[in-house]
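Please keep the sequence and the structure in view while reading.

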Amino acid sequence: QDQADARIWHWRELLRLPAFWSIGFIFGAMTCVFAAVMLHLFGHLLDIGLTTTQAAQVLSAAALFSALGKPVIGWLSDFLGARVSIWLALACQAAALLLFTQATSFYLSVGAAAVYGFGYSGMSPLRTFAISTSVSSSSFATANGVLRWVELPFILAASPLAGYIYDATGSYNVAFYI
């Protein structure tokens, strides 16, 4: 273990790292989107006319593509780097949310779920990769824990905001656009 990797970072030092805040905001936003989408997607799918069975199948497709995408995202981050892979994952999530707002059928919803699942598949490994390259492995657990506090406001706000938007507009589309 080299000297840089053995450094122990105090949590206050982590808060002064721009990379730490970038990781917190990017992955806080991704977690926020995941929390809101997973809580409200089933209702959205019912609203567009899918049956409960079809809506469950769409959610299963998202989970399947999330599982299948993890090794692909891992390979991409090794090949293209974490930064490009993170942006690719974010772009997939954004595209999927736009697709969900336009989907009016089961098959379009499954397609959106596949893109969403692939985009989401990168969240856990890319977050881990970003933390491990920004701080020493000796401080990984501390950084991971402190980052949860940075991400918490995003997570707490997402689902209630999506629910409020639905109550106010009768649709989840505006929430998905946000």
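## Burial along helix H7

Which residues are buried in H7? In this predicted model, the buried residues of H7 are Met123, Leu126, Arg127, Ala130 and Ile131. They lie on the same side of H7, because the arc they cover around the axis is only 135 degrees.

Helix H7 itself runs over residues 123–134, and its 12 residues reach 16 Å from the first C-alpha to the last, close to the 16 Å expected at 1.5 Å a residue. The cover over its buried residues includes helix H3 (18–47), helix H4 (52–80) and helix H5 (82–102), together with helix H6 (106–121) and helix H8 (140–169).

## Aromatic pairs

The count of aromatic pairs comes to 10. One of them is formed by Phe25 and Phe154, an edge-to-face pair with 5.8 Å centre to centre and 80 degrees between the planes. Since Phe25 lies in helix H3 and Phe154 in helix H8, this pair ties together parts that are 129 residues apart in sequence. Phe25 is partly exposed, with a relative accessible area of 44%, and Phe154 also counts as partly exposed, at 25% relative accessibility.

Tyr172 and Phe176 form an aromatic pair that is stacked, with 6.3 Å centre to centre and 20 degrees between the planes. Here Tyr172 counts as buried at 9% relative accessibility, and Phe176 is buried with a relative accessible area of 6%.

## A ring cluster

Phe25 and Phe154 also belong to a cluster, in which ring pairs link them with Phe20 and Trp21.

Methods. Residues numbered from 1 in each chain as written. Predicted model: local features only at pLDDT ≥ 70, side-chain atom pairs only at ≥ 80, totals over all residues. Heavy atoms only, no water. Helix = DSSP H or I, 4+ residues; strand = E, 2+ residues; numbered from the N terminus. Expected span 1.5 Å × (residues − 1). Buried < 20%, exposed > 50% of the residue type's maximum accessible area, 1.4 Å probe, protein only. Arc of directions from axis to C-beta. Contact = heavy atoms within 4.5 Å. Phe/Tyr/Trp six-rings, centres within 6.5 Å; stacked < 30°, edge-to-face > 60°.
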